[in-house]
Amino acid sequence: MRLRSMKIYAALFAGLLAALAAGCRRDAAAYQYGSVLVNGWESGDTVVLRVPPLEQGGAYAMQLGLRTSNTVSYPFRELWLSVKQEWASGQTIIDTLQCTLATPAGDASGKGVSLNQYEFALPVRQLAKGDSARICINHIMRQDLLLGITDVGIRLEAKEDE
């Protein structure tokens, strides 16, 4: 009986280690969110995020993260954003993102319980070692005041050679 319980504990421990190893992600060069008012993100309100100096140069993938509330509904299926990247090297990049947040039936397509989490890819960029950035995010919807958005952020990671 004792040998059987030891085997069960060993199997559970091995499963836990495998789950931890599978869940690990490499460190991001930048990972930051800024909050917006859930009761109304005005078109003139800019979320400003910072990328610290990069430890290495190379190709970087950027994801824009977005969170919406389940208690204050976002009234549209899509959200249009302007993402302006001002790099210390002098490079300025402006991307326009079309973010689909709901199915055609109007159901939120994000992941989460009290908040819906979304991620949208920006183009891969070549960046230099030591480069840093100021990233400004605005919504560019026709309606001035948007309800239901809680946070906007970025995740910047060095791409591995493929």
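The side chains of Asp151 and Arg67 form a salt bridge at 3.8 Å, N to O; a salt bridge is a side-chain nitrogen of Lys or Arg within 4 Å of a carboxyl oxygen of Asp or Glu. This pair links distant parts of the chain, 84 residues apart: Asp151 belongs to strand S10 (residues 149-158) and Arg67 to strand S4 (residues 58-69). Strands are DSSP runs (E, at least two residues), numbered from the N terminus.

This is a predicted model, in which local features need pLDDT of at least 70 and side-chain atom pairs count only at pLDDT 80 or more, while totals for chains, interfaces and linings use all residues. Residues are numbered from 1 along each chain as its sequence is written, and side-chain values use heavy atoms, with hydrogens and water left out.

A search of the whole structure finds five salt bridges.

| Pair | N to O distance |
|---|---|
| Asp151 and Arg67 | 3.8 Å |
| Arg125 and Asp95 | 2.9 Å |
| Arg155 and Glu157 | 2.9 Å |

Salt bridges with shared partners also join Lys84, Glu86 and Arg134 into one network.

Asp151 is buried at 12% relative accessibility, whereas Arg67 is partly exposed at 21%. Buried means under 20% relative accessible area, exposed over 50%, and partly exposed in between (1.4 Å probe, protein chains only).

The structure holds zero disulfides, a disulfide being a pair of cysteine sulfur atoms within 2.5 Å. Cys99 is buried at 0% relative accessibility, and Cys136 is buried at 9%.

Trp80 lies in strand S5 (residues 78-87) and is partly exposed at 33% relative accessibility.

Conventions
Helix = DSSP H or I, 4+ residues; strand = E, 2+ residues; numbered from the N terminus.
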